[in-house]
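A short report in running text with one table will do.

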There are 2 protein chains.
Amino acid sequence: MATHAVIMAGGAGTRFWPASRAKTPKQLLPLGADPVETLLAATVRRLAPLIPAEHVTIATGAALVDATARVLPAVPRAQLLAEPVPRNTAPCIGWATATILRRDPEALIAVLPSDHYIPDEAGFLRVVGRALEGAKAGYMTTVGIVPTRPETGYGYIEVGGPLGSSPDLLQVARFVEKPNRERAEEFLRGGKHVWNAGMFFFEGRVMMRAIEAHMPELYRGLMLIEAAAGAGPSDEAKALAEVFPTLPSVSIDNGVMEKAKGLAVVKGDFGWNDVGSWESAWELAPKDAHGNALPEGAIAVDARGNYVCDRTSGTTGTRKRVMALVGVEDLVVVETDDAVLVIPRSRAQDVRAVVEELKKRGDTGHL
Amino acid sequence: MATHAVIMAGGAGTRFWPASRAKTPKQLLPLGADPVETLLAATVRRLAPLIPAEHVTIATGAALVDATARVLPAVPRAQLLAEPVPRNTAPCIGWATATILRRDPEALIAVLPSDHYIPDEAGFLRVVGRALEGAKAGYMTTVGIVPTRPETGYGYIEVGGPLGSSPDLLQVARFVEKPNRERAEEFLRGGKHVWNAGMFFFEGRVMMRAIEAHMPELYRGLMLIEAAAGAGPSDEAKALAEVFPTLPSVSIDNGVMEKAKGLAVVKGDFGWNDVGSWESAWELAPKDAHGNALPEGAIAVDARGNYVCDRTSGTTGTRKRVMALVGVEDLVVVETDDAVLVIPRSRAQDVRAVVEELKKRGDTGHL
């Protein structure tokens, strides 16, 4: 029973425009504490002590396969799955699971997002180890992040009592949609709720049975693709292009987890951060004594709490680009070769308005 | 008696960093209302109805001659005077005057700064016409700008009664150094003071006599250069390189005007602006309904009173650079290929701190 990982790397977020683009989404950017390592590369590296790159499958979009491969030279190219169109997480996980089962019918699988940041990597590995124990015992196991604030932007999991002999493996009382502020504060006080961080651990066969039971339409589609795959690569590609777009666009939470029995949750407390906006990137980045996170060589005069991201492609002649901030506070300034964004940190979510405006203009070049 | 102009274009200001550089000073930037025309080109064009480009002499620095020539294709190259080192305005005006007198001993000369902005060009030409009348009558004539605010950053001229028959030609009671706020407010209320805008009109011979009388050391140096010029171009170049650096570094105001007799002043009221900082550039630039002065195609969401200057060298592939501002107010954002500045408009003068830091680092590439 070998352990495999499925890293979901199909995201095409707009919250990091202009650094994130259709062809360079968030997971392909170095938004953690390291100024170079992308979130995706960090995800694979972090997992390596438990699941080496040869056992890693990446689920991504057709347009992102090449860029993804460049970031992950150690992952075999055949394990980069290119979804013809994005259909949310249930088809993604279902297809990746079926693909892995083809090679390894006993596979134990960890599904992880590709675009989060985890500072306590040893703590993370301990939790993953326990979650894999749960999976080995036959449970579809999730990791629930112990909340540190009354967050209204995440789904929650209500935790029940212990399951079996391990004190770490807990019952899932229920999945809870994003709460309002008041409920989020109750959750934080009550201590029974954890954040759903989109990490799932299961035996491949268990997941396929759960999909068959709760999403029969998805199951039938996946079986069509599997049958074609048995006939050869060109049949598989054809079936994928025909069938995948017809699969129900549903999340694994809504489609399977909320309906399934035999769930478990392991609590995690390893400084998880979903890097949701430039504000989070500022929080994670190394900062000077005045709270500025700046590129090397930047000049800050009487400036505090600013985040400057230089994603331009390089130097002019022999000169590096100089970023100079004077007398400004709590700003985000992002530079690329073809765009500049200036926005207060507190309004980082509003970068979406810029993306909307570009869409309205039909300016796909900048998207 | 032909009329000539001397445009003083040797400035190497730092107040428009990162757009202004040692090799691209303020006068070579389009900082007026026109997005393309440089302040220097505008100065020559504006003057053309009275003094055509063939009669224009440009006093600049050796390092700026080529860039200056590119901006002024109509000015004969021989009339671009390259000062080996900057020695303030008295040597500059003295040398340019001597050079013009060589070709035209009867020359009437207008000396003008190259880096100011004048919206009312017809009004400006009327005032220049009157000042040239004063010069023709033998007065060293200045133009005094009618103040619109209690400015403490300029020198003033106290105006006396009429001179002779023209009601426009007034006596100069005295030159006044930059006042403090209280005096500047008195000046504004009193109505007897005008701003010294560094414009001078005189017969060349009159100026040479005044230099001889009040700056004999400068006069002797100029005569050495003139004698060498009579012997041929290579002698002239040699004398210039040897003598010019030894000339007293004094302004024409301090060295000549404040001591000379026979001065006149004409009041000017043509919207003059010395374009002293990015704040002035914002004032002059066309703005949208929310007071933003932005490059074409920029996106402003809930942004007010901002000035964005894109001096990058062009497009990325077929895409233009997009500048996006969200939720920010009264900022200046300046982009070049190798630098970015973000500063509140109200602190525009503090860009000097950045230039100082670059000097301290020995980073001449960005200066």
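## Leu341 of chain B and the chain contact

Leaving aside neighbours within four places in sequence, B:Leu341 is in contact with A:Ala324, B:Trp17, B:Pro18, B:Val334, B:Val351 and B:Val354, where contact means that C-beta atoms, placed from the backbone, lie within 7 Å. This is a predicted model, in which local features need pLDDT of at least 70, side-chain atom pairs count only at pLDDT 80 or more, and totals for chains, interfaces and linings use all residues. Residues are numbered from 1 along each chain as its sequence is written, while chains are lettered from A and ligands numbered from 1 in the order in which they are written.

B:Leu341 also belongs to the largest nonpolar core, which has 233 residues; A:Ala324, A:Leu341, A:Val342, B:Ala324, B:Leu341 and B:Val342 touch the most other members. A nonpolar core is a set of buried Ala, Val, Leu, Ile, Met, Phe, Trp, Tyr and Cys residues joined through C-beta atoms within 7 Å. A residue is buried if 20 or more other C-beta atoms lie within 10 Å of its own, exposed if 12 or fewer, and partly exposed in between, again with C-beta atoms placed from the backbone.

Between the chains, 31 residues of chain B are in contact with 31 residues of chain A. On the side of chain B that touches chain A, β10 (299–301), β12 (322–326), β13 (331–335), β14 (339–344) and α11 (351–361) each supply at least two residues. β14(B) gives the most, with six residues. Helices (H or I, at least four residues) and strands (E, at least two) are DSSP runs, numbered from the N terminus. That side of chain B divides into 19 nonpolar, four polar and eight charged residues. Here Ala, Val, Leu, Ile, Met, Phe, Trp, Tyr, Cys and Pro count as nonpolar, Asp, Glu, Lys and Arg as charged, and the others, Gly among them, as polar.

Strand pairing crosses the boundary: β14 of chain A (residues 339–344) runs parallel to β12(B) and is joined to it by four bridges. Pairing requires at least two DSSP bridges between two strands. In this pair, A:Leu341 stands opposite B:Ala324.

The same surface serves both copies, as 100% of the contact residues of chain B recur in chain A.

## Fold of chain A

Chain A has 11 helices and 14 strands. Of its 367 residues, 47% count as buried. The C-alpha trace spans about 60 × 55 × 40 Å along its principal axes.

All six residues of β2(A) (residues 56–61) are buried, so this strand is largely enclosed by the rest of the structure. A:Val56, A:Ile58 and A:Thr60 point one way, and A:Thr57, A:Ala59 and A:Gly61 the other. Four bridges join β2(A) to the parallel strand β1 (residues 3–8) of chain A, with A:Met8 opposite A:Ala59.

## Backbone features

| Site | Feature | Value |
|---|---|---|
| A:Trp17 to A:Pro18 | cis peptide bond | omega near 5° |
| B:Trp17 to B:Pro18 | cis peptide bond | omega about 5° |
| A:Asn88 | positive phi, not a glycine | about 70° |
| B:Asp302 | positive phi, not a glycine | about 55° |

B:Pro18 lies in the loop between β1 (3–8) and α1 (39–47) of chain B. A:Asn88 is in the loop between β3 (80–83) and α3 (89–103) of chain A.

Methods. Two residues are in contact if their C-beta atoms, placed from the backbone, lie within 7 Å.
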